[in-house]
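This report describes one protein chain for a reader who has not seen it before.

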Amino acid sequence: MDWQPERIPEPTPETLEFADPEVLPPLELVPVTEISLDLEVPQDANLPIALADLSARSSDAAEVQIPLIEQIKRELEDVGDEDLKPARIQIGLLFVGVSALLLMSLLLYITAMHPGLTVKQQMLRYWSEYVGFVGLGVAGLMMLGREAMRSPQISEEGDR
């Protein structure tokens, strides 16, 4: 009695048909018109740009864009040195924090992935990353130091 396993025929693989990719319509630049700027804004809303000048209806879109650009320029001229102080402090702290995080990540990576390297070998292999991360931290400290040493008189006059 010679027993042989019965062969089950394998089903033929079906060919997969992929759908055609969806063709997107081309992008069109829509000019700014008085209709697209017709916004209902509460009077007590805190907006960086006052839209009151744009409420007048005009037939030409260029006439509407010019007051908006002029309004933006006027408001940018009103930004003083005191208004930018919190932003400069936050950016300096961000640089210092990201630098510290990257240095700790580099240290963790080196100790986890290359435990056999000596300190000298680690510095030879990863000196560029180390210098870059330290440089980022020093830049943040310089920004914070400059802000700390700024006198109130300079702050009133600005950096002109």
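The accessible surface of the protein chain comes to about 14200 Å², and carbon and sulfur atoms make up 63% of that area. The model is a predicted one. Of the chain's 160 residues, 14% count as buried.

The protein chain contains five helices and zero strands, and its pattern along the sequence reads α-α-α-α-α. Among contacts in the chain with a separation of 6 or more, 64% are between residues 24 or more positions apart.

**A pair of helices**

Helix H2 covers residues 81-113, and helix H4 covers residues 127-149. Their axes come within 8 Å of each other and cross at roughly 155°. Angles over 145 degrees count as roughly antiparallel, and H2 and H4 are therefore roughly antiparallel to each other. The crossing of these two helices is left-handed.

**Tyr126**

Where does Tyr126 lie in the chain? Tyr126 is in the loop between helix H3, residues 119-125, and helix H4. Is Tyr126 buried or exposed? Its relative accessibility is 11%, and residues under 20% count as buried, so Tyr126 counts as buried.

Leaving aside residues up to four places away in sequence, Tyr126 touches Leu106, Tyr109, Ile110 and His114. Leu107 is 19 residues from Tyr126 in sequence, and the C-alpha atoms of Tyr126 and Leu107 are 10.0 Å apart in space.

Key. Residues are numbered from 1 along each chain as its sequence is written. This is a predicted model: local features need pLDDT of at least 70, side-chain atom pairs count only at pLDDT 80 or more; totals for chains, interfaces and linings use all residues. Side-chain values use heavy atoms; hydrogens and water are left out. Helices (H or I, at least four residues) and strands (E, at least two) are DSSP runs, numbered from the N terminus. Buried means under 20% relative accessible area, exposed over 50%, partly exposed in between (1.4 Å probe, protein chains only). Contact means heavy atoms within 4.5 Å. Accessible areas come from the Shrake-Rupley method with a 1.4 Å probe; for residues, only the protein chains shown count as cover. Axes are lines fitted to C-alpha atoms, for helices over the stretch in contact, and angles run from 0 to 180 degrees between N-to-C directions. Angles under 35 degrees count as roughly parallel, over 145 as roughly antiparallel, 65 to 115 as roughly perpendicular and the rest as oblique. A crossing is left-handed if the near helix is turned anticlockwise from the far one by less than a right angle, and right-handed if clockwise.
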